[in-house]
Amino acid sequence: MAVSIPPTDDEQAAVEDGQAALDRLLDRLADTPTPAGPTPRELDVPATARLLPLVNVRQGGTGSASR
């Protein structure tokens with residue numbers, strides 16, 4: 001996807017720098033209107049909402065599930 005739609009500098013930093021960069025990107029986008037019109041801040045997301053951690057998932061292997 002990065003080849004067909006080049007990411008912005010902020011998006012690339014989010015991929016490379018992890019959670020801190022992702023938080024900065026989300027803060028910057030909080031006042032950008034969604035396709036429906038309201039901004040994320042206007043959608044009244046609870047202050048206690050948090051991002052879930054990302055984990056690496058590997059597929060394949062030698063277990064019986066790969067038959």
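**Salt bridges and a helix pair**

Mentor: By the rule applied here, this predicted model has two salt bridges. We shall take them in turn, together with the helices.

Trainee: Which residue meets Asp10 in a salt bridge?

Mentor: A salt bridge requires a side-chain nitrogen of Lys or Arg within 4 Å of a carboxyl oxygen of Asp or Glu. The N to O distance for the partner of Asp10 is 2.5 Å.

Trainee: How many residues apart in sequence are Asp10 and Arg28?

Mentor: Asp10 belongs to helix H1 and Arg28 to helix H2, so their pairing ties together separate parts of the chain. The C-alpha atoms of the two residues are separated by 9.3 Å. Along the sequence, the distance between them is 18 residues.

Trainee: Is Arg28 buried, partly exposed or exposed?

Mentor: Buried means under 20% relative accessible area, and exposed means over 50%. Arg28 has a relative accessibility of 44%. Because that value falls between the two cut-offs, Arg28 counts as partly exposed.

Trainee: What is the handedness of the crossing of H1 and H2, left-handed or right-handed?

Mentor: The handedness describes how H1 passes H2. This crossing is left-handed.

Trainee: How many of the residues in the contact of H1 with H2 are nonpolar?

Mentor: From H1, the contact includes Asp10, Glu11, Ala13, Ala14 and Asp17. These meet residues of H2, among them Ala20, Leu22, Leu25 and Arg28. Of the residues in this contact, one is polar and five are charged, while the number of nonpolar ones is six.

Trainee: Which residue forms a salt bridge with Arg41?

Mentor: Arg41 is exposed, at a relative accessible area of 53%. Its closest approach to the partner, between N and O atoms, is 2.8 Å. Both residues of the pair are in the segment after H2, 10 residues apart. The partner of Arg41 is Asp31.

Methods:
Residues numbered from 1 in each chain as written. Predicted model: local features only at pLDDT ≥ 70, side-chain atom pairs only at ≥ 80, totals over all residues. Heavy atoms only, no water. Left-handed = near helix turned anticlockwise from the far one by under 90°. Helix = DSSP H or I, 4+ residues; strand = E, 2+ residues; numbered from the N terminus. Contact = heavy atoms within 4.5 Å. Nonpolar A, V, L, I, M, F, W, Y, C, P; charged D, E, K, R; others polar. Buried < 20%, exposed > 50% of the residue type's maximum accessible area, 1.4 Å probe, protein only.
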